[in-house]
Structures are given as structure tokens and as C-alpha cells.
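Subject: The structure you asked about

Hi,

Here is the structure I promised to pass on. Have a look at it first, then read on for what turned up.

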Amino acid sequence: MSAQRACGVAELEQDAPLRVELDGVPMAIVKDSDGEIHAIGDTCTHGDISLSEGFVEGKTLECWAHGSAFSLCTGKPLNLPAYEPVPVYAVEIDGDDVLIDPTVTKEV
């Protein structure tokens, strides 16, 4: 499979996660305070909670329900109760389009 349009760059607000689903794969897309765009799996590994409803701080996304923060760069949890990482996807920008291949995760 190849990268497909997830959203437009203009649709992303700084530090505000956007939930998208590509081929049945839920993702949280985040433009951090440095303007870098990240895509990680949208489901917290501690519970079946949408991370896109959480809070962005720096390069982390915190689950609103239990407080585990996940690195936007590696997907690894930075604190308990989560201990399993979420997938991280490569992001390509083509004009105003944010492109992601939901079948390929980044090696971190």
C-alpha cells in the first residue's frame, strides 16, 4: 500500500490532536509546538481510550483517562500505567496534504 491523504496541514491546530482513520486504522495526528507533524496509534495501550482526546505537551500525548504520556516520536509510554508503546507512522507532506501509509510503522 502507499501513503494516502489523512488530512490537510491547515486542518491541524498546534498541540491539538486530530483523530483520523485510514483503512480501519485509528490514528492521532498532532502538530507540536515546533510545527512538526506526528502520527501515532490512537488507542492507549493501557485501556481502550482514544489518545486524540488527550493533551499535548512538547513531544508527548497524554491519555486523558489514566495519565500515561506517549512520545510522539517513538510511541513509547513515558510513565505508568501504560507500559506498551503505540505504533508511530511516517508522515509525508505534499503541498497542504498530510500523507500516511497505515500499513507501515516507523522503526524506532
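Let's start with Phe-55, which sits in strand β5. Keep in mind as you read that this is a predicted model. Which residues does Phe-55 touch, leaving aside its neighbours within four places in sequence? The contacts are Thr-60, Leu-61, Glu-62 and Trp-64. For a sense of scale, take Gly-8: Phe-55 and Gly-8 are 47 residues apart in sequence, and their C-alpha atoms are 21 Å apart in space.

**The three-stranded sheet**

Strand β5 belongs to an open sheet of three strands, in the order β5-β6-β7, with antiparallel pairing. The edges of this sheet are β5 (55-57) and β7, each of which pairs on one side only. From one strand to the next, the twist averages 25°. If sheets are new to you: strands pair through backbone hydrogen bonds, and they can do that in a parallel or an antiparallel way. Here, β6 (residues 60-62) and β7 run antiparallel and are joined by three bridges. To see the pairing on screen, find Leu-61, which stands opposite Phe-70 in β7.

**The six-stranded sheet**

There is also an open sheet of six strands. At one end of the order, β1 and β9 run antiparallel and are held by four bridges.

**Salt bridges**

How many salt bridges does a search of the whole structure find? It finds seven. One of them is between Glu-11 and Arg-5, with the closest N and O atoms 3.3 Å apart. Both ends of that pair are partly exposed: Glu-11 has a relative accessibility of 47%, and Arg-5 has a relative accessible area of 43%.

Is Asp-32 buried or exposed? Asp-32 is buried, with a relative accessible area of 1%, while Lys-59 counts as partly exposed at 28% relative accessibility.

Lys-59 also forms a salt bridge with Glu-36, at 3.2 Å from N to O. Glu-36 lies in the loop between β3 and β4 and Lys-59 in the loop between β5 and β6, so this pair ties together parts that are 23 residues apart in sequence. Glu-36 counts as partly exposed, at 39% relative accessibility. Through shared partners, salt bridges join Asp-32, Asp-34, Glu-36 and Lys-59 into one network.

**A buried aspartate with no salt bridge**

Now compare that with Asp-101, which is found in strand β9 (residues 97-105). Asp-101 is buried, yet it has no salt bridge. Where is the nearest side chain of opposite charge? That side chain is Lys-106, and it is 14 Å away. Salt bridges are counted within 4 Å, so Lys-106 is not a partner for Asp-101. What Asp-101 does have is a polar contact of 2.6 Å between its side chain and that of Thr-103.

The peptide bond from Leu-80 to Pro-81 is cis, with omega near 15°. Pro-81 lies in the loop between β7 (69-71) and β8 (88-94).

Next, Asp-15 has a positive phi of about 60° although it is not a glycine. You will find Asp-15 in the loop between β1 (4-8) and β2 (18-22), where it is partly exposed, with a relative accessible area of 27%. Asp-23 is not a glycine either, and its phi is positive too, at about 50°. Asp-23 lies in the loop between β2 and β3 (25-31).

Happy clicking!

Conventions: Residues numbered from 1 in each chain as written. Predicted model: local features only at pLDDT ≥ 70, side-chain atom pairs only at ≥ 80, totals over all residues. Heavy atoms only, no water. Helix = DSSP H or I, 4+ residues; strand = E, 2+ residues; numbered from the N terminus. Buried < 20%, exposed > 50% of the residue type's maximum accessible area, 1.4 Å probe, protein only. Lys, Arg positive; Asp, Glu negative; His and termini not counted. Polar contact = N/O pair within 3.5 Å; in protein donor to acceptor, adjacent residues only side chain to side chain. Pairing = 2+ DSSP bridges. Axes fitted to C-alpha atoms, helices over the stretch in contact; angles between N-to-C directions. Contact = heavy atoms within 4.5 Å.
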